[in-house]
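Subject: Structure handover

Hello,

Here is the structure I promised to pass on. Please open it and keep it beside you while you read my notes below.

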Amino acid sequence: MKAWLPSLLRLLLVVLLVAFVTNPGWFQPLLKPLTENGAPAIYNQGSLLTLTFLHLRTVLIATVAATIVAVALAILVTRPAGAEFLPLSRSLVNIGQTFPPVAVLALAVPAVGFGEKPTLIALFLYGLLPIFENALTGLTTLPANVMEAARGAGMTGWQRLLKVELPLSAPIILGGIRLSVVISLATATIGSTVAAKTLGEVIIAGLLSNNLAFVLQGGLIVAALAVLIYDGLSAIERYTARRMGQETA
Amino acid sequence: MRIRFDKLGVVIAAIAAYAAFLAPFATFRANRIVPGEARSILEALPATTGPLLLAIVVAGALIALLKTPLVLRLAASVVALAALATLIGVAGSFLTPAGNTFARISPASGFWLLIFAFTLLLADVLTRLNLSPWARVGVLVVAALAIGLLLISGQWNSLSILKEYANRADSFWAEGSKHVTLALGSLVAAVVVGLPLGILCHRVEKLRAGALNVLNIIQTIPSIALFGLLIAPLGWVAAHVPGAAALGIRGIGTAPAFVALFLYSLLPVVANTVVGLAGVPRAANDAARGMGMTDRQRLFGVEFPLAFPVILTGIRIVLVQNIGLATIAALIGGGGFGVFVFQGVGQTAMDLVLLGAVPTVALAFAAAIILDAVIEMTATKRRVETA
């Protein structure tokens, strides 16, 4: 495979995605064969662009909140003062992962009502785990000689954290964020079962009216977003890893 | 003597204090969909048991708060959890007006927070005890038996979730077995296909990147879309391939759900097989080759046993994920516990949601604990053998 081929494919995907969400009408002939009885081929109960935007916004808010909390927790349990919580936090993360997103979503509804809020809660809880796990790995596997040198140079605990530990574990933490974003992008669609405005609305409308064109366009937009964001975050991750002088696989 | 506080204990005691004195213990509703009225511990329980529960909670919180021996903390958490579990049933029958079948009593936030606080304490004790894999499975079995006994004894029958169950007892077990069949069946299919594919990817480097990329992309398709998209091809197969319909393959229902879960399961199985095989020490392979082992002997005698714990980790990920994802199958008529969840969301009947969600979480949780124990056992066995 030529080196420029992946970049070209990516560019093509971006162009297709932008064209589809801004001008879905262009693609009507392609999707028409999937519909029956003259049903509309393009989602007509809202703009795809708005839904895509809302979908991304939901994922962004949840991921930012999850990142802040997860990294803060990981920092806390790797300090001497919080070391007591380390084993427990590990088992809690393990337990947390066994909660299915649908269950979290449905159980959040009585507490906060229908709409975007239960989706945000579910995405937040689900996003916490990969980020926390990676931040923990990053912070606990720092090279001992580097930490020793930082201490020897007379750095205080705060300085070591901000100037040595966090920058060095940044690539691993970013890896966790990437995983969390991809999971959230797909999980956010389930949020539409509790009336959140996401691309899941398109898919569910398709399932309810037996319109395969809707299911396909909703699914493909989310998948394309996930692939592109995954690629973008991988690139940032490689860049930070290079800056930290680490080899990446 | 100086009094020393346990850091986690401070958190637990704070949660327990809020839950016991400020949050509602149970909710009373005149029927299943109206908003509920809150009842505190003293209002929800008879005059004798209410103060008793408060005393147990306060004592448990104090034991958690101070630096106390592990055995005492273990006892405190178990006693508190047992008391909460039994007494919520008492609250159910106490609050239900005599002869009224419409009233619904459900545990409220205070109850759930107390359960959370003492489970936290129990989890902390169990983590610190560093139990062997067998002991962890044992704890799981004891907990399951205790819950089973409470269910059989009818102690919880006056609670709303069990009233929902009583109305749907038959379909509950039918959907439950569908759920388990979907999750386990797709796992078995994924292992049968994924293991050879993983071995192939390990041996043929050209195939590796391509296959893993395709499987990665499948993971990014949202589950509800993948379930929906499989309706068309399977519908076509059912209509055009002779015998397919007789096998139960249809456009909607279990077949697309099964195929979707299978596709999602492939990546962890294949990727972990590749990683596991790649992690086999070179020395072991060289030694096996030097002994004159054939490729096949090496695969089954050396590589496979060494890679087994990593492959099992993939299987654990798949099983826990499948149990959760199988709830989505209900959206396309595939059955499973998701049926109750989505019905409950549709009727805003939260007890019905719980009837679907609680068994799903319990299944996933039990699967995770059992497989973690198995993984640890195979990993330590290997270490002992190689030591």
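In this predicted model, 39 residues of chain A are in contact with 36 residues of chain B. Two residues are in contact if their C-beta atoms, placed from the backbone, lie within 7 Å. On the side of chain A that touches chain B, the elements giving two or more residues are α4, α5 (101–112), α8 (157–190), α9 (200–208) and α10 (212–243) of chain A. The most comes from α10(A), with 9 residues. By type, this side of chain A divides into 28 nonpolar, 10 polar and 1 charged. Here Ala, Val, Leu, Ile, Met, Phe, Trp, Tyr, Cys and Pro count as nonpolar, Asp, Glu, Lys and Arg as charged, and the others, Gly among them, as polar.

A word on conventions. Residues are numbered from 1 along each chain as its sequence is written, while chains are lettered from A and ligands numbered from 1 in the order in which they are written. Since the model is predicted, local features need pLDDT of at least 70 and side-chain atom pairs count only at pLDDT 80 or more, but totals for chains, interfaces and linings use all residues.

Now chain A. It has 10 helices and 0 strands. Helices (H or I, at least four residues) and strands (E, at least two) are DSSP runs, numbered from the N terminus. The C-alpha atoms of chain A fill a box of roughly 75 × 50 × 25 Å along the principal axes. Of its 249 residues, 41% count as buried. Buried means that 20 or more other C-beta atoms lie within 10 Å of a residue's own; exposed means 12 or fewer, and partly exposed is in between, with C-beta atoms placed from the backbone.

The unreviewed UniProt entry lists "transmembrane region" for chain A at several spans, including residues 98–115 and 168–192. Such annotations may be inferred rather than shown by experiment, and the positions follow the numbering used here. Residues 98–115 of chain A are 67% helix, with end C-alpha atoms 24 Å apart. Residues 168–192 of chain A are 92% helix, and their end C-alpha atoms lie 39 Å apart.

On to chain B. An automatic or database assignment divides chain B into domain 1 (7–130) and domain 2 (169–386). Their centres, taken over C-alpha atoms, are 37 Å apart. Each domain of chain B gives 4 residues to the contact between them.

Look next at helix α5 (residues 109–129) of chain B. Just after α5(B), B:Asn130 takes a positive phi of about 55 degrees.

Last, the cores. A nonpolar core is a set of buried Ala, Val, Leu, Ile, Met, Phe, Trp, Tyr and Cys residues joined through C-beta atoms within 7 Å. The largest has 126 residues, and A:Ala106, B:Phe227 and B:Val341 touch the most other members. Its largest share, 14 residues, comes from helix α12 (residues 254–278) of chain B. Another core, of 35 residues, lies apart from it, with B:Phe25 and B:Ala117 among its members.

Best wishes
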